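Open the model in your viewer and keep the selection tool ready. The stops below say what to pick next and what to look for there.

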Amino acid sequence: MNLPPKVRQKTFGGIFMGSSLRTYRHYDVAKKLDAINLYDRGYGCVNIGKALGVNESRVAEWLARYRAEGLSGLERRSTCSLCVASKGMIVREVLEESLSLEQAALRYGVSRSAVRCWVIKVRAGGYESLAEVKKRGRPPTAMGRPKKKEPQTELEKLQDELRYLRAENAYLKKLRALVEERIARESGRLPEPSKD
């Protein structure tokens, strides 16, 4: 593994996203342990992140979870939804007791990004906004044929039938013209193509 020297290098510039689409990765415990071992050997989070191809904040998160929970802190957590009261309690500690997002995430076993989203929701819409559940997935659309509804009056029934018969008549006229054109081509005399 090619690692830069243990001296922290100065970097200039900002954040660079390689593409506009984010890719979410799930790292195995072995890679996380590699990061912990490199940190114990004196390398910094920036250098470890570059060497392993991981964001430095992710490395720092792994270190904090390892310090707090040991090896079990590096294992993938199951996703479970918390009740609104629990979310409110966590947000209240972050906002009123100045608990950092990382500390709250470690204390309650949730992700930092979840705590951040809850705090943003509360700041925007109050604690009641935590109870709102956003529907996931693609919204339903009216795909395919529209549902047939029964005409309500005799006049509407007759108008629908008239519309259908006109369309059928136009279709048959076009079909007849195409058949006549084909027969004429096969017999050797070519009339002008139909305009219908």
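**Start in a loop**

Select Ser98, which sits in the loop that joins H4 and H5. Before going on, note that this is a predicted model. Ser98 is exposed, and its relative accessible area is 64%. Now check its backbone. The phi angle of Ser98 is near 55°, a positive value in a residue that is not glycine.

**Zoom out to the whole chain**

Colour by secondary structure. Along the sequence, the pattern reads α-α-α-α-α-α-α. Next, colour by accessibility. Of the chain's 196 residues, 20% count as buried.

**From H4 to H5**

Select Glu93 and Arg107 together. Their side chains form a salt bridge, with 2.9 Å between the closest N and O atoms. Glu93 belongs to helix H4 (residues 84-96) and Arg107 to helix H5 (residues 101-108), so this pair ties together parts that lie 14 residues apart in sequence. Arg107 has 53% and counts as exposed. Side chains of opposite charge can pair when their charged atoms come close.

Step back to Arg92. Show the ring of Tyr127 as well. Arg92 lies over the face of that ring, 4.4 Å from the ring centre.

**Across to H6**

Stay in helix H4 and pick Leu95. Leu95 is partly exposed, at 29% relative accessibility. Leu95 and Val122 are 27 residues apart in sequence, yet their C-alpha atoms are 9.6 Å apart in space.

Select H6, residues 112-125. This helix has 14 residues. From first C-alpha to last, H6 reaches 20 Å, close to the 20 Å expected at 1.5 Å a residue.

Which residues of H6 are buried? They are Ala114, Val115, Trp118, Val119 and Val122. Turn the helix around. On the other side, Arg123 and Ala124 are exposed.

**Back to H1**

Select residues 29-40, which form helix H1. Its twelve residues should span 16 Å at 1.5 Å a residue. The end C-alpha atoms are 16 Å apart, in agreement with that value.

Colour the buried residues of H1: Lys32, Ala35, Ile36 and Leu38. Look down the axis. The buried residues fall within an arc of 165°, so they line one face of H1. An α-helix has 3.6 residues a turn, so residues three or four places apart point the same way.

**Along H7**

Now select residues 154-187, helix H7. Show the side chains of Asp160 and Arg163. They meet in a salt bridge, 2.9 Å from N to O. Asp160 and Arg163 are three residues apart in H7, a separation of about one helical turn. Arg163 is exposed, at 52% relative accessibility. Asp160 is partly exposed, at 32%.

Move along H7 to Arg176 and Glu180. Here, too, the side chains meet in a salt bridge, at 3.9 Å from N to O. Arg176 and Glu180 are four residues apart in helix H7, about one turn. Arg176 counts as exposed, with 61% relative accessibility.

How many salt bridges are counted? The count comes to seven, including the pairs visited on this tour.

Select Cys45. It is buried, at 18% relative accessibility. Then select Cys117, which is partly exposed at 43%. How many disulfides does a search of the whole structure find? It finds zero.

Finish with the aromatic rings. A pair of aromatic rings is described by the distance of the centres and the angle of the planes. A search of the whole structure finds zero aromatic pairs.

Note on methods:
Residues are numbered from 1 along each chain as its sequence is written. This is a predicted model: local features need pLDDT of at least 70, side-chain atom pairs count only at pLDDT 80 or more; totals for chains, interfaces and linings use all residues. Side-chain values use heavy atoms; hydrogens and water are left out. Rings of Phe, Tyr and Trp (its six-membered ring) pair if their centres lie within 6.5 Å; planes under 30 degrees apart count as stacked, over 60 as edge-to-face and the rest as tilted. A charge sits over a ring if NZ of Lys or CZ of Arg is within 6 Å of the ring centre and within 35 degrees of the ring normal. A salt bridge is a side-chain nitrogen of Lys or Arg within 4 Å of a carboxyl oxygen of Asp or Glu. Helices (H or I, at least four residues) and strands (E, at least two) are DSSP runs, numbered from the N terminus. Buried means under 20% relative accessible area, exposed over 50%, partly exposed in between (1.4 Å probe, protein chains only). A disulfide is a pair of cysteine sulfur atoms within 2.5 Å. The expected span of a helix is 1.5 Å times one less than its number of residues. The arc is that of the directions from the helix axis to the C-beta atoms.
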